[in-house]
Amino acid sequence: TGEAYTRYRYTKYDGSRMNLELAMVYLGLGSNLGDREDNLREAMKLLEQRLCRGKASSVYETEPVGSTNQPHYLNQVCQFYTALPPVALLALLKGFELKLGRTPTRRGASRPIDIDILLYDDQIVKTPKLVIPHQRLIERAFVLVPLAEIAPDLAHPVNHKTVRDLLVELKDKHGVVKLRG
């Protein structure tokens, strides 16, 4: 991307200034249990308390992937800026999920909130607990459709294709319906 970090000027209480380097991250939010819209709103409130919010996509209602015998999801993608490194950001997000009622369960199970790190600047991270870019990002319409809404020209750090091009190449785009902007 060339401009991986955004410079942010911070004025301290004593009036002095310092510059922070913030990473641009894209987070995927999803909910299919309880009051789904309220779950997304509450997640955004928590995120905005600890991260600097950039763009936010519309909210989309989406069909579940994999285990289809569950309620439909509401999904949204948001851009944030953070000084946290990827692993610390993951810990923060997992804490927010717990605070909002998520309990550890099997992959693909219904949940009140799911917050995934989709992209973290143009970094590639592979650890046992964290993979960035999100390993299924390029396969999921419920991620690519809202991501293309707010960052169509963003390049995937591994294959270098734009989000717009990845969405065009995606074969299965059904089941993603825009609810509101």
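Gly-54 is partly exposed, with a relative accessible area of 28%. Here, buried means under 20% relative accessible area, exposed means over 50%, and partly exposed is in between (1.4 Å probe, protein chains only). The model is a predicted one, where local features need pLDDT of at least 70 and side-chain atom pairs count only at pLDDT 80 or more, while totals for chains, interfaces and linings use all residues. Residues are numbered from 1 along each chain as its sequence is written, and side-chain values use heavy atoms, with hydrogens and water left out.

Gly-54 belongs to strand 3. Helices (H or I, at least four residues) and strands (E, at least two) are DSSP runs, numbered from the N terminus. Which residues does Gly-54 contact, leaving aside its neighbours within four places in sequence? They are Gln-79, Phe-80 and Tyr-81, where contact means heavy atoms within 4.5 Å. Gly-54 and Cys-78 are 24 residues apart along the chain, and 7.1 Å separates their C-alpha atoms.

## Arg-53, next in view

Strand 3 (residues 52-56) also holds Arg-53. This residue counts as partly exposed, at 43% relative accessibility. Not counting residues up to four places away in sequence, Arg-53 touches Met-44, Glu-48, Gln-79 and Phe-80.

With Glu-48, the Arg-53 side chain makes a polar contact, side chain to side chain, at 2.9 Å. A polar contact is a pair of N or O atoms within 3.5 Å; within protein, one must be able to donate a hydrogen and the other to accept it, and residues adjacent in sequence count only if both atoms are side-chain atoms.

## Thr-82 in strand 5

Is Thr-82 buried or exposed? Thr-82 is buried, because its relative accessible area is 3%. You will find Thr-82 in strand 5 (residues 73-82).

The Thr-82 side chain reaches the backbone nitrogen of Leu-84 at 2.9 Å. Once its neighbours within four places in sequence are set aside, Thr-82 is in contact with Glu-21, Leu-22, Ala-23, Val-25, Leu-51, Leu-89 and Tyr-120.

## The overall plan

Now step back to the whole chain. The protein has four helices and nine strands, and from the N terminus on they run β-β-α-β-β-β-α-β-β-β-α-α-β. Of its 181 residues, 46% count as buried. Take the contacts between residues at least 6 apart in sequence: 63% of them join residues at least 24 apart.

Helix 3 is mostly covered, with nine of its ten residues buried. Among the buried ones are Phe-142, Leu-144, Pro-146 and Ile-150.

## Cysteines

How many disulfides does the structure hold? The number is zero, where a disulfide is a pair of cysteine sulfur atoms within 2.5 Å. Cys-52 is partly exposed, with a relative accessible area of 30%, whereas Cys-78 is buried, at 0%.

Most residues other than glycine have a negative phi, and most peptide bonds are trans. Asp-121 has a phi near 50°, a positive value in a residue other than glycine. Asp-121 sits in the loop between strand 6 (114-120) and strand 7 (125-126) and counts as buried, at 9% relative accessibility.

His-160 also has a positive phi, near 65°. This histidine lies in the loop between helix 3 and helix 4 (163-169) and counts as exposed, at 60% relative accessibility. Finally, the peptide bond from Ile-132 to Pro-133 is cis, with omega near 0°. Pro-133 is in the loop between strand 8 (131-132) and helix 3 (141-150).
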